[in-house]
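I wanted to go through this structure slowly and write down what I looked up, one topic at a time. The entries below follow the order in which I searched.

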Amino acid sequence: SITDGIENALRTAFRGQLKEVTQVQFSAPATLKAVNEHLSLFKPALHRFKGDIDCVAVLDGTATVIFEGPDVMFTGICQALKDRFPGQIQNVERISPSTIADAG
């Protein structure tokens, strides 16, 4: 695997000076801006299905999104958000555009 290859290269370069190689995963803060920037990766595919997605709130581990599009894409996007912001986003709440229009 790639991880094994990197570990072997580090061990060879440092010739026994390393006791352990630990993978560190950086997780950016789950701000509204950061979540929407990540969601922008999915917009072209959603647009092909006449859909769209925007995050309107991130609070207490829940990202609230306005979503239109296929359910299967929503499921994948939810997992992508949880993977991108581990420990920060546990739930994704889906609201329809009409919910926002009704509130206004």
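Before I could judge any residue, I needed the cut-off: a residue counts as buried when its relative accessible area is under 20%, and as exposed when that value is over 50%. I also noted that this is a predicted model, and I kept that in mind throughout.

Entry on Thr 64. I then looked at its side chain, which makes a polar contact with the side chain of Glu 93 at 3.2 Å. Leaving out residues up to four places away in sequence, I found that Thr 64 touches Asp 54, Cys 55, Val 56, Ala 57, Glu 93 and Ile 95.

Entry on the nonpolar core. I looked up the largest nonpolar core, which has 18 residues, and those with the most contacts inside it are Val 35, Leu 39 and Val 65. Two or more residues come from each of helix H2 (32-39), strand E1 (52-59), strand E2 (62-68) and helix H4 (71-84), and H4 gives the most, with five residues.

Entry on helix H2. Which residues of H2 are buried? I found Ala 34, Val 35, His 38 and Leu 39. They cover an arc of only 140° around the axis, so they lie on the same side of H2. When I checked what covers these buried residues, I found that the cover includes helix H3 (43-48), E1, E2 and H4.

Entry on the aromatic rings. I searched the whole structure for aromatic pairs and found one. Phe 67 and Phe 74 form this pair, which is tilted, with 5.0 Å from centre to centre and 55° between the planes. I checked both residues against the cut-off: Phe 67 has 3% relative accessibility and therefore counts as buried, and Phe 74, at 11%, counts as buried too.

Entry on charges over rings. I noted that Arg 94 lies over the face of Phe 74, at 5.0 Å from the ring centre. I also wrote down that Arg 84 lies over the face of Phe 85, at 5.1 Å from the ring centre.

Note on methods: Residues numbered from 1 in each chain as written. Predicted model: local features only at pLDDT ≥ 70, side-chain atom pairs only at ≥ 80, totals over all residues. Heavy atoms only, no water. Phe/Tyr/Trp six-rings, centres within 6.5 Å; stacked < 30°, edge-to-face > 60°. Buried < 20%, exposed > 50% of the residue type's maximum accessible area, 1.4 Å probe, protein only. Lys NZ or Arg CZ within 6 Å of the ring centre and 35° of its normal. Core = buried A, V, L, I, M, F, W, Y, C linked by side-chain atoms within 4.5 Å. Helix = DSSP H or I, 4+ residues; strand = E, 2+ residues; numbered from the N terminus. Arc of directions from axis to C-beta. Contact = heavy atoms within 4.5 Å. Polar contact = N/O pair within 3.5 Å; in protein donor to acceptor, adjacent residues only side chain to side chain.
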